[in-house]
Amino acid sequence: MASVLLSAAVCYVIYRLAFTFPALTEHLYSRRIYPFLARNLGRLTGSFSFSLAEVLLYLFAAGVLFFLGYIFCAFFKPKGSKFYHIAKRFLSFLILLCTLYNMFILFWGLNYARQPLADSMHLEIQEYSKEELVALCDSLIERTNAARKNISESSDGLFTLSHSKEYYQEAVGEIYDSYAPDYINIGVKSRVKGVMTKNMLSSTLTYGIFSPFTYEANINLQMPDLYFPAICLHEFSHLQGFAREDEANFIAWYLGFQCDDPDFVYSANAYALQYALNALYSVSPEDYWLAYEKLEDGVKRDYQQNAQYWEQFETDFSQKSQDTYEKYLAYNGVEDGLQSYGRMLDLMLAFEKQK
């Protein structure tokens, strides 16, 4: 019992030290230890057609309820041994949590402390001006409008996937093999798995989620088609060891716009453009509306449909879920929390300058 608690303390110290030595963490853990774990354990969990993480989530919830009931029952023990039984059962629950914490840190969490992707790609991150942001928006609008002409539409004039969702969940591995450099593609043979429980992720305003305990990239099957291919690329990047959301976003765009599948190209550019336009609006609403008017009508319809879908899930519960995730990101060194998603623009602008 004491050894488990001590190991959690050791893992915490290792985790904090890892942030002090990002280059060492990158080359020792993220490029050596983690790929070994991900390739072997990921191959094992990848053999399941369903999301093992989704099943384990229900089992974990049941286990928590069991432990709480188990601890509560200790209050009915004889007075002489009541405190002993309460303490023993509470410590058993604490050991479970410590074990999960150790697994999170050692199995995947240390990737939060790896060196920035910009260093690996030799990109120079700088503060950008409004003019540079406007230029990026114009470039993405041009790419998005052009890509929109090559995709399929529904009878309502909305973007619709050309293949089944399973196709995109499977195709991500081939895209990484074809277009990603070695340090972005560590050779995990797996796929993105759909969460089967209806609206489980939508109710928390979540596109997808990565399970570090089972090495599974999971995606929301109920979300609109617009960002589905891009989110497959995003979640798969977490499986490759990229924990930070801005880097996962950038990788999704970087690989998506390069591939020859029209749906991935359109989805990746539309996804990146959304962040660029949001950033432009916060700087200059006037320039935002000038840029927005350059969008093809079909792109506008797709954005509107996507926004309408998520509006129905904006509740107190979803807000609390977002607040919880904000705290999770802050604990793992991402001080700006959910705002970090938008920092993909720093990488995009640096990449465009380098190119």
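1. Buried is used here for a residue with under 20% relative accessible area, exposed for one over 50%, and partly exposed for one in between, with a 1.4 Å probe and protein chains only. The model is predicted, local features need pLDDT of at least 70, side-chain atom pairs count only at pLDDT 80 or more, and totals for chains, interfaces and linings use all residues. Residues are numbered from 1 along each chain as its sequence is written, and side-chain values use heavy atoms, with hydrogens and water left out.

2. Tyr215 is buried because its relative accessible area is 0%. This residue is not a glycine, yet its phi is positive, at about 55°, and its place is the loop between β4 and β5 (216–220), where strands are DSSP runs of E of at least two residues and helices are runs of H or I of at least four, numbered from the N terminus.

3. Leu205, likewise a residue other than glycine, has a positive phi near 60°. The loop that holds Leu205 runs between β3 (192–195) and β4 (208–211), and Leu205 counts as partly exposed because its relative accessibility is 26%.

4. Tyr12, Val13, Leu17, Phe21, Leu24, Leu28, Ile33 and Tyr331 make a nonpolar surface patch of about 750 Å². Two or more residues of this patch come from each of α1 (2–20) and α2 (22–46). A patch takes residues with over 30% relative accessible area and no salt bridge, joining nonpolar side chains (Val, Leu, Ile, Met, Phe, Trp, Tyr) within 5 Å and like charges within 9 Å; a salt bridge is a side-chain nitrogen of Lys or Arg within 4 Å of a carboxyl oxygen of Asp or Glu.

5. Tyr12 lies in helix α1, and this residue counts as partly exposed because its relative accessibility is 40%.

Definitions and conventions: Areas by Shrake-Rupley, 256 points an atom, 1.4 Å probe, with all protein chains shown as cover.
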